[in-house]
Amino acid sequence: MIILHVSKQSRGKFIEKLYRNMSDFIENKNLNWIPSLFDTIGMYLDCSSITVYEWHEEESCYYLHYHSNNDKVPHVLMSSHFEVIDDKSTKMIKIDSLTNPWIIIIHDMTNSNMDRLKIEVVNIEVNKYLTTFSSILHNMHMPLFNNLLLELNNELSGSIHTSFVFQKITDVIQSTFHSIKVSYMVTQDFTFPDHINVKIMEWNDETLSREVKQTFMNGQIQFNSDNSIIYLPITGKQGNYGVIEIQSDVILKMNSNEKYFLTQVAKVCGNALETAFLLQHSRNKIDQLTMINQTSNHFNSKLDFREIINTLKSQFASYASDSTFAILPLDGKYAGTSVGNDLYFEKEEGIMFLHNLKIYTKNYEETFFSGNFKENEPDSNFQSVIAVPMKHENSLIGIVFIGHKEEYQYDYHQYKLMESMIQHSVVAIANTLQKEQLTKALAVDHLTGLYSRQYLEETVNNHMKEGNKGSLILFDIDDFKQVNDSYGHLIGDQVLIQVAQVLQEVVKDKYIAARWGGEELAIYAQETSLQEAIRISREACDIVEQTTNPRVTLSSGVSFWSSEENDSANTIWQRSDKALYEAKERGKNKVVYK
């Protein structure tokens, strides 16, 4: 609280005191010059206290800025409507400052005859003072502006975080100018703080003003019709990146130095965003090349198909989390198994989805990339889709699919990285597929054309490590010894071949059919329930009984496992074998499950 002591001063002394305050500010950088100004006015007018209100345009009201005696604060001026107070003890003066108008209320003037003259003197001399002060401040601002620009350049130099750039630019502008609103319109998807207004520029956006378009195209500062908005181009060395929009009433009062300062801030912003983008892009390229190199080396050291798949999955997961990833081998028609997050591509809807991808990849000739796939395929499970054909020696060996249920989950750089990694992995994948095909060929029983017992055991062991459930079905041809004794071993072999063909017809390409040994055969059904396995077993037994010549029947034992139980491959064999034995004991031509 400041109580002003009354003392009479001449007009000359009043003016001298005013400019002494200005000199003190210039020499000592005394930022407390506003209270000093009001103290000087109060002493000249010989009043007991002064109250000062400052106009805030956005809220259309005056706020208390300074009061020399806070015991009584008039409320008459706290709204958009106010009246000149003019009675015996109180006067009011309105003075336009550098930014907003001030209303000065003078309380308890002792000499009413001198009141009007003194108030007129104050009104004239303070306005002259502020005009002079404004000119001096503007001249003093350039070194200050240059220092701010230097500090800003140093802080943003080498930054790879665009959100930091937006934050610093906003802070500098808002701390330099009073009551100002800053927003950005940019051409690229930069990262930025949530509390800062940044919008992506789209030329088909009807809300985009003519001034914004001109600023971006011409790279020159623009103003709106009433000079309340200034548009600054965000330019770098390699191009334009957008526009800074600044809204404030102070724009109309800005001099050339202040406008020049803002254009330089916008240039610093452009260079910093460009540098951050290029540095981040370079780092991403290095990371991507490192990843591709490591992955390629890993592929060259591995010839197991599933190991290669798992390597690709883990690499993609680091760049595209919560995605569905699948390698879908193609052999004339779709006959591949998804090695991914689920069994979607083994179901009818997944097969149809893959078939539809033919349209978009131009029959698997081109890579397809979409951020809003449901726009084309409303029934699709996926919004974000990348589909990359795998070609080896001019032959299509499969397609790599990455998908996400949400839209626009992958950017262009992720898409190019995945495409590049897949291209580097094609040779390794082709080699492993050829190896597996050769392994399968060597693992086929030469008489029945079914897989060998060893191949079946390896399949079950591998699936129990990665899958969720499965069923093992063992078959035994009833009274097979009598067939050999009655018809000879040649006919016995023909019966084995007939039964094997039935099993192959039943499993098609979905499951594994194998010769267990002698007249014992087997089916392993991946991701199949016990009920479905029993159905498969009964179907096979019925067809064998109806189609074989000479007629034979099958006994069958079925067992089931799931990841929720503590099962092992040995327990599966044992349960199926025990169930098969019980089927024999019950009179043959039976299906028993455990």
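Helix α11, residues 480–487, packs against helix α12, residues 489–507, at an angle of about 135°, with the axes 7 Å apart. Helices here are DSSP runs of H or I with at least four residues, and strands are runs of E with at least two, numbered from the N terminus. Axes are lines fitted to C-alpha atoms, for helices over the stretch in contact, and angles run from 0 to 180 degrees between N-to-C directions. α11 and α12 are therefore oblique to each other, a class left over after under 35 degrees (roughly parallel), over 145 (roughly antiparallel) and 65 to 115 (roughly perpendicular). Contact means heavy atoms within 4.5 Å; among the residues making it are Phe 480 and Tyr 487 of α11 and Ile 491 and Leu 496 of α12.

The model is predicted: local features need pLDDT of at least 70, side-chain atom pairs count only at pLDDT 80 or more, and totals for chains, interfaces and linings use all residues. Numbering starts from 1 along each chain as its sequence is written, and side-chain values use heavy atoms, without hydrogens and water.

Next, the sheet. It is open, with 5 strands in the order β6-β5-β9-β8-β7 and mixed pairing; strands pair if DSSP finds at least two bridges between them. β6 and β7 stand at the edges with a single partner strand each, so one side of each has no neighbour in the sheet. β8 and β9 pair in the antiparallel sense over 7 bridges, and Ile 230 has Ile 246 in β9 as its bridge partner. α4 packs on the sheet and touches β5, β6 and β9.
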